[in-house]
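Please take a moment to look over the sequence and the structure that follow, and then read on with both of them in view.

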Amino acid sequence: MDSVPDASGIGTFRRGVEADAATLAAFAARTFQETFAHSTSSANMDAHLAAAYGVEQQGRELRDPGSATLLLEHEGVLVAFAQVRRKAPPIEVPYPRVIELQRFYVDVPWHGRGVAQRLMAAAKGAARELGGEWLWLSVWEGNARAIAFYAKAGYVDAGGTEFWLGPDRQFDRVMVAPLG
Ligand SMILES: CC(C)(COP(=O)(O)OP(=O)(O)OC[C@H]1O[C@@H](n2cnc3c(N)ncnc32)[C@H](O)[C@@H]1OP(=O)(O)O)[C@@H](O)C(=O)NCCC(=O)NCCS
């Protein structure tokens, strides 16, 4: 999309607040669906979106003091977001003070333009403010682009875990990176 500038041409990140719940819920559901629709049935996808991305759920997450949401807007439109929270990984990792990178999404027209790198730097800053020394995340094993991006951003594979998308059992990689 030619009208989309590179990451240096867009604004700064801001912290999400409860008033962002509806916009964020819609953006998060759309980007999740675009990323994973091919990996499950539409009924499973609909059930998962209703459970994980409703406005109420999003509002709870935005209010949670153990969680931080970063939003990036361009000309008033949300183009990327990340959420970090105090939550232990599903597998044992030999690192202290590990914060979860719970969600990390850049809208498709902005892929490959440096937005994800800026989003990662902002997410790391927010995780440090939550007292973290390490970040962990889980990523679907079939999400090759995200895994390549995380490796480029300094994450290493720490093991496998499972993720239930409705009744569909899927397999994720757990990756970790230092915050220092
Ligand atoms: C994951 C995401 C944030 C990465 O941002 P991005 O701007 O696409 O990342 P980049 O383009 O800088 O890096 C992706 C790398 O994967 C590579 N890549 C692209 N498609 C790939 C594929 N199918 N298989 C393997 N590598 C791939 C790119 O070439 C690039 O590597 P390079 O810089 O060495 O060329 C973004 O793609 C996104 O939001 N995806 C949808 C949501 C998502 O999957 N979120 C993560 C959930 S855990």
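In what order do the elements of the chain run from the N terminus on? They run β-α-α-α-β-β-β-α-β-α-β-β, and the chain has five helices and seven strands, where helices (H or I, at least four residues) and strands (E, at least two) are DSSP runs numbered from the N terminus. This is a predicted model, in which local features need pLDDT of at least 70 and side-chain atom pairs count only at pLDDT 80 or more, while totals for chains, interfaces and linings use all residues. Residues are numbered from 1 along each chain as its sequence is written, and side-chain values use heavy atoms, with hydrogens and water left out.

We can begin with the chain as a whole. Along its principal axes the C-alpha trace spans about 45 × 40 × 30 Å. For 180 residues, a compact globule would have a radius of gyration near 16 Å, and the chain agrees with this because its own value is 16 Å; the radius is taken over C-alpha atoms, and the globule rule is 2.2 Å times the number of residues to the power 0.38. Of the 180 residues, 48% count as buried, a word that here means under 20% relative accessible area, with exposed meaning over 50% and partly exposed lying in between (1.4 Å probe, protein chains only). If we take the contacts in the chain with a separation of 6 or more, residues 24 or more positions apart account for 69% of them, contact meaning heavy atoms within 4.5 Å.

From the whole chain we turn to its aromatic rings. A search of the whole structure finds ten aromatic pairs; rings of Phe, Tyr and Trp (its six-membered ring) pair if their centres lie within 6.5 Å, and planes under 30 degrees apart count as stacked, over 60 as edge-to-face and the rest as tilted. In one of these pairs, the rings of phenylalanine 36 and tryptophan 140 have centres 6.2 Å apart and planes at 75°, so this pair is edge-to-face. Because phenylalanine 36 lies in helix 1 (residues 21-36) and tryptophan 140 in strand 5 (residues 134-140), the pair ties together parts that are 104 residues apart in sequence. Phenylalanine 36 and tryptophan 140 are both buried. In another pair, the rings of phenylalanine 104 and phenylalanine 149 have their centres 5.8 Å apart and their planes at 20°, so these rings are stacked. That pair also links distant parts of the chain, since phenylalanine 104 belongs to strand 4 (residues 98-106) and phenylalanine 149 to helix 5 (residues 144-152), 45 residues apart. Phenylalanine 104 and phenylalanine 149 are buried too.

Together with Phe32, Phe36 and Tyr53, Trp140 forms one aromatic cluster. Not counting residues up to four places away in sequence, tryptophan 140 touches Phe36, His38, Ser39, Ile147, Gln170, Phe171 and Asp172.

Which residues are buried in helix 3 (residues 55-63)? They are Gln58, Gly59, Glu61 and Leu62. These residues cover an arc of only 160° around the axis, which puts them on the same side of helix 3; the arc is that of the directions from the helix axis to the C-beta atoms. An α-helix has 3.6 residues a turn, so residues three or four places apart point the same way. The buried residues of helix 3 pack against helix 1, strand 2 (67-74), strand 3 (77-85) and strand 4.

The last feature concerns charged side chains. Side chains of opposite charge can pair when their charged atoms come close. The structure holds twelve salt bridges, each being a side-chain nitrogen of Lys or Arg within 4 Å of a carboxyl oxygen of Asp or Glu. Aspartate 20 forms one with arginine 14, and the closest N and O atoms are 2.8 Å apart. Aspartate 20 is buried, with a relative accessible area of 10%, whereas arginine 14 is partly exposed at 31%. Arg14 and Asp20 are also linked with Glu73 in a network of salt bridges. Elsewhere, glutamate 129 and arginine 15 meet through their side chains in a salt bridge (3.0 Å, N to O). Since glutamate 129 lies in helix 4 (residues 115-129) and arginine 15 in strand 1 (residues 13-15), this pair ties together parts that are 114 residues apart in sequence. Glutamate 129 is exposed, with a relative accessible area of 64%, while arginine 15 is partly exposed at 38%.
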